[in-house]
Amino acid sequence: MLPWKRVLRSAAALLLAAVAATLPAATAAHGAATATATASSGGWNDYSCKPSTAHPRPVVLVHGTFGNSVDNWLGLAPYLTNRGYCVFSLDYGQLPGVPFFHGLGPIDKSAEQLDRFVDKVLAATGAGEVDLVGHSQGGMMPRHYLRFLGGAAEVNALIGLAPSNHGATLSGLTHLLPYFPGAEELLSAATPALADQIPGSAFLTKLNEGGDTVPGVRYTVITTKYDQVVTPYRSQFLSGPNVRNVLLQDLCPVDLSEHVAIGLFDRIAFHEVANALDPARAKPTTCASVFS
């Protein structure tokens with residue numbers, strides 16, 4: 001029989017990983033070939049796409065923890081392509097032997113993958129800058145790219161949907177880690193991105209030292225008060241110049257979206273993303289935006 005402390009340590013790590021699986025949900029039912037076909041038929045990841053005068057910057061979508069380049073964006077990617085944007089999405093943070101569920105590797109290394117992907121998109125489209133839209137970890141991880149990898153020269157705007165900018169407490173579950181010696185180390189070894197997103201982690205401390213933003217980039221944070229993963233939800237907000245923090249319930253009080261829904265299918269959130277991408281043509285976001 002395993003010692004009880006070892007059992008509890010493993011149980012704590014498994015519980016955290018299970019809850020974090022909603023960051024956001026992805027389904028293993030999609031094979032790699034199906035995923036590629038879905039993206040192509042949906043009109044995104046088309047490297048022949050040339051940005052228009054109306055939308056001169058390609059949009060790069062950055063999935064969240066346990067997400068992937070297709071499942072995370074089955075709602076938002078077509079929403080944007082139908083509005084004339086060149087849209088691209090990447091997979092990052094893959095672990096060996098783990099298909100479909102990505103965003104699990106060390107976040108600084110994931111930011112390097114994003115850097116390379118943006119270079120690829122810029123080369124293909126001929127654009128000078130991109131706009132980034134990320135969900136959960138995908139709204140926070142690009143900030144490492146902007147601050148430490150020269151991304152500010154290649155990015156006009158970063159739009160985060162429920163981003164884990166200052167960590168994710170999983171509705172308070174991470175506060176239990178000190179009661180299970182070794183649990184955090186186990187998380188760090190098995191799924192580094194989860195450990196990096198614990199409030200107070202070395203990664204987040206370095207990321208947020210000296211302020212939340214870098215010059216030359218516009219930031220939009222779109223949150224829901226019903227988020228059960230990146231909690232408290234106000235921890236998602238950024239401080240600094242060129243920042244707009246948006247609470248969905250201020251725009252539509254009956255919007256009940258939680259952490260997963262805000263990225264997967266909430267058209268009120270999508271409408272606000274479109275406004276952030278093109279503020280000069282922004283239209284008021286209301287409950288009726290669900291029909292837009």
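**Notebook: disulfides, rings and a buried strand**

I searched the whole structure for disulfides and found 2. I note here that the model is a predicted one.

**Entry 1: the disulfides**

I looked up the pairing order. With the bonded cysteines of the chain numbered in sequence order, the pairing reads 1-2, 3-4.

I began with cysteine 49 and cysteine 86, which form a disulfide with their sulfur atoms 2.0 Å apart. I read -80° about the S-S bond, and this link is left-handed. I then asked which parts of the chain cysteine 49 and cysteine 86 tie together. Cysteine 49 lies in the loop between α2 (32–41) and β1, and cysteine 86 lies in the loop between α3 and β2, so the pair ties together parts that are 37 residues apart in sequence. Cysteine 86 has 2% relative accessibility and counts as buried.

I went on to cysteine 252 and cysteine 287, whose sulfur atoms are 2.0 Å apart in a disulfide. This link has 105° about the S-S bond and is right-handed. Cysteine 252 is in the loop between α10 (248–251) and α11 (261–264), while cysteine 287 is in the segment after α12 (267–277), so this pair ties together parts that are 35 residues apart in sequence. Are cysteine 252 and cysteine 287 buried or partly exposed? Cysteine 252 counts as buried at 3% relative accessibility. Cysteine 287 is partly exposed, with a relative accessible area of 30%. The cut-off I used for buried is under 20%.

**Entry 2: aromatic rings**

I counted the aromatic pairs and got 4. One of them is phenylalanine 66 with phenylalanine 101, an edge-to-face pair at 6.5 Å centre to centre with 70° between the planes. Phenylalanine 66 sits in the loop between β1 (59–62) and α3 (76–81), and phenylalanine 101 sits in the loop between β2 (87–90) and α4 (107–125), so the pair ties together parts that are 35 residues apart in sequence. Phenylalanine 66 counts as buried at 13% relative accessibility. Phenylalanine 101 is partly exposed, with a relative accessible area of 24%.

I also looked at tyrosine 233 and phenylalanine 237. Their ring centres are 6.4 Å apart and their planes stand at 85°, so this pair is edge-to-face. Both tyrosine 233 and phenylalanine 237 are buried.

**Entry 3: charges over rings**

Next I looked for charged ends over rings. I found the charged end of arginine 83 over the ring of tyrosine 79, 3.5 Å from the ring's centre. I also found lysine 206 over the face of phenylalanine 148, at 4.9 Å from the ring centre.

**Entry 4: strand β4**

I asked how many residues of strand β4 (residues 155–161) are buried. The count is 7 of the 7, so β4 is largely enclosed by the rest of the structure. In a regular strand the side chains alternate between the two faces of the sheet.

I then checked the neighbours of β4. Strand β3 (residues 130–135) runs parallel to β4, and 6 bridges join them. Aspartate 131 has alanine 157 in β4 as its bridge partner. Strand β5 (residues 218–223) also pairs with β4 in the parallel sense, over 5 bridges. Here leucine 161 has isoleucine 222 in β5 as its bridge partner.

**Entry 5: the chain as a whole**

I finished with totals. The chain has 12 helices and 6 strands. Of its 292 residues, 53% count as buried. Among contacts in the chain with a separation of 6 or more, 77% are between residues 24 or more positions apart. The accessible surface comes to about 12100 Å², and 61% of it belongs to carbon and sulfur atoms.

Terms used. Residues are numbered from 1 along each chain as its sequence is written. This is a predicted model: local features need pLDDT of at least 70, side-chain atom pairs count only at pLDDT 80 or more; totals for chains, interfaces and linings use all residues. Side-chain values use heavy atoms; hydrogens and water are left out. Buried means under 20% relative accessible area, exposed over 50%, partly exposed in between (1.4 Å probe, protein chains only). Helices (H or I, at least four residues) and strands (E, at least two) are DSSP runs, numbered from the N terminus. Two strands pair if DSSP finds at least two bridges between them. Contact means heavy atoms within 4.5 Å. Accessible areas come from the Shrake-Rupley method with a 1.4 Å probe; for residues, only the protein chains shown count as cover. Rings of Phe, Tyr and Trp (its six-membered ring) pair if their centres lie within 6.5 Å; planes under 30 degrees apart count as stacked, over 60 as edge-to-face and the rest as tilted. A charge sits over a ring if NZ of Lys or CZ of Arg is within 6 Å of the ring centre and within 35 degrees of the ring normal. A disulfide is a pair of cysteine sulfur atoms within 2.5 Å.
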